[in-house]
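Please keep the structure open while reading.

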Amino acid sequence: MMTSHRLALISSLLTGSSFAFHLPTTIHRQPSLTNNNHNHHHHHQQRSQSVTLHQYPISITENAPRDTITLTDWAINYGIGLGDTFQLTAAQQDDAIHDDVYTITSQPIAPSTPILSIPSNVILTGSMARQELGSQTFGAEDSLLLSDHQPFYLFLKVLTEYELGDQSPWYYWLNSLPRYYSNGASMTDFCFGCLPPYAAGLALAEKQRYKQYVEALSSISFLSEESKQSEEVTKWAFNVVFTRYMELPGGDVALVPMADYLNHGAEPNVDISYDEEGNCYVYSMTEVGAGEPLVFSYGDSTNPSNLLARYGFLDESSEATFCKYVIENPTFEMFNLGYPNSMYFYNDGGISNEVWDVLLYELLKVSPEEQQHFYQAHMSGDEGTKASYHDQYFAQTYKSITSHVDYILNELDELGIGLETQIAQGQDKKRHPRLPLIMRHNEFVKGTFDNVRQNLDNMYA
């Protein structure tokens, strides 16, 4: 919920005070946004199924240019407020071919400075798409996990607007989006083989989710067969959704044009909120210097492997990372002990208490009575009893952690040797453009684990 102070700041933007948004200098064709209703669905039911992909004006090949110049005029024409300091900029990615386009502030700004306002009728939500596209889509969701239903409807909506081409009200926004991605859904078998087991598993899960979405399209009749059978089209639409959607209060998900150009940061400097009508507002949380990126958190920064699999980038700004210790069928007690969200390895070699707690709890399964006693001490805050268990079983827990660290380091060393061999044989970034990012991910993880191993050695020095 927006505070009255923040609403006043937004209002000052819209009413032309000293914080006034830029006004449009050029008016482009502005089709109606009334396709947020059932009439739009009927329109799609009547479309011919013989449309061919090359007729669509949005080129989505990986090397196709992105039109971010027209995007700003489109945003203004559709009522999106752009603050005076809002600016899009570009930086080269790891593959040295594709640019990352993101938001910066052109001037220093203070906390609570309005950045963006996006009216609700421009925002695409899963629930809106479900209502618009109609009952024939309901059967398609049966093959998907419940948590995938709302993103799936956004996936259908993006495909629907893609087929409308420049007749879509969202054409200029869609035409500004990336074509090239490095997330799990876009990786190849070669990529999966270059990642350590935990990261490879996360990336493969994204690939499997994409395949399930494509399979679910078989029962959707309002999309052309050309689109449904095109891996290029479906993968692009899937990646648009899963690298850009935001979670809304109440459990819905949304694609929010212009706000989706905010990059991830472990220490956010902007906040995103919504009013009762569903309008979106972005304002600064801290002082931000001129030229600095405007960022918010996409998720847990202590799990760079998860961010790589989902979004296709490496976050090296976090001071800690998930320890990569995976338990099959974890119990309720393990979650209460901190698995997996608090099991950190720190960049300086530190190990979170939760790592020691979870591994000791696992070791104590040979003695159920002691295991339960240790767990109850944790739940009641009896740190003295916990400490006595840790002292008693330190050697065993130490050995378990050390074995895990050595296993991961061995995997990373073998992958490093394999990658060097592949590069020597010509499997370079020209053939596998995601390789530099994957190698940087592995080096980042290895650096943390090397420091943890040194810390473990020092415990017995």
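## Helix H8 and its surroundings

Several elements cover the buried residues of helix H8, including helix H5 (149-164), helix H7 (189-194), helix H10 (231-244), helix H11 (304-311), strand E12 (320-322) and helix H17 (435-459). The model is predicted. H8 spans residues 197-216, 20 residues in total. From first C-alpha to last, H8 reaches 28 Å, close to the 28 Å expected at 1.5 Å a residue.

Which residues of H8 are buried? They are Tyr198, Ala199, Ala200, Leu202, Ala203, Glu206, Lys207, Tyr210, Tyr213 and Ala216.

## Aromatic pairs

The structure holds 25 aromatic pairs. Tyr213 and Phe242 make an edge-to-face pair, because their ring planes stand at 65 degrees, with the centres 5.6 Å apart. This pair links distant parts of the chain: Tyr213 belongs to helix H8, Phe242 to helix H10, and 29 residues separate them. Both Tyr213 and Phe242 are buried.

Tyr298 and Tyr311 form a tilted pair, with 4.9 Å between centres and 50 degrees between planes. Tyr298 sits in the loop between strand E11 (295-296) and H11, while Tyr311 is in helix H11, so the pair ties together parts 13 residues apart in sequence. Tyr311 has 14% relative accessibility and therefore counts as buried, the cut-off being under 20%.

| Pair | Centre to centre | Angle between planes | Class |
|---|---|---|---|
| Tyr213 and Phe242 | 5.6 Å | 65 degrees | edge-to-face |
| Tyr298 and Tyr311 | 4.9 Å | 50 degrees | tilted |

Tyr213 and Phe242 also belong to one aromatic cluster.

## Charges over rings

Where does the charged end of Arg310 sit? It lies over the ring of Tyr245, 4.7 Å from the ring centre. Arg244 lies over the face of Tyr261, at 4.9 Å from the ring centre.

## A three-stranded sheet

Three strands form an open sheet, in the order E5-E7-E6. The pairing is antiparallel. Strand E5 (124-125) and strand E6 (246-247) are the edge strands, and each pairs on one side only. Two bridges join E6 to strand E7 (residues 253-255). Within this part of the sheet, Glu247 stands opposite Val253 in E7.

Note on methods
Residues are numbered from 1 along each chain as its sequence is written. This is a predicted model: local features need pLDDT of at least 70, side-chain atom pairs count only at pLDDT 80 or more; totals for chains, interfaces and linings use all residues. Side-chain values use heavy atoms; hydrogens and water are left out. Helices (H or I, at least four residues) and strands (E, at least two) are DSSP runs, numbered from the N terminus. The expected span of a helix is 1.5 Å times one less than its number of residues. Buried means under 20% relative accessible area, exposed over 50%, partly exposed in between (1.4 Å probe, protein chains only). Contact means heavy atoms within 4.5 Å. Two strands pair if DSSP finds at least two bridges between them. Rings of Phe, Tyr and Trp (its six-membered ring) pair if their centres lie within 6.5 Å; planes under 30 degrees apart count as stacked, over 60 as edge-to-face and the rest as tilted. A charge sits over a ring if NZ of Lys or CZ of Arg is within 6 Å of the ring centre and within 35 degrees of the ring normal.
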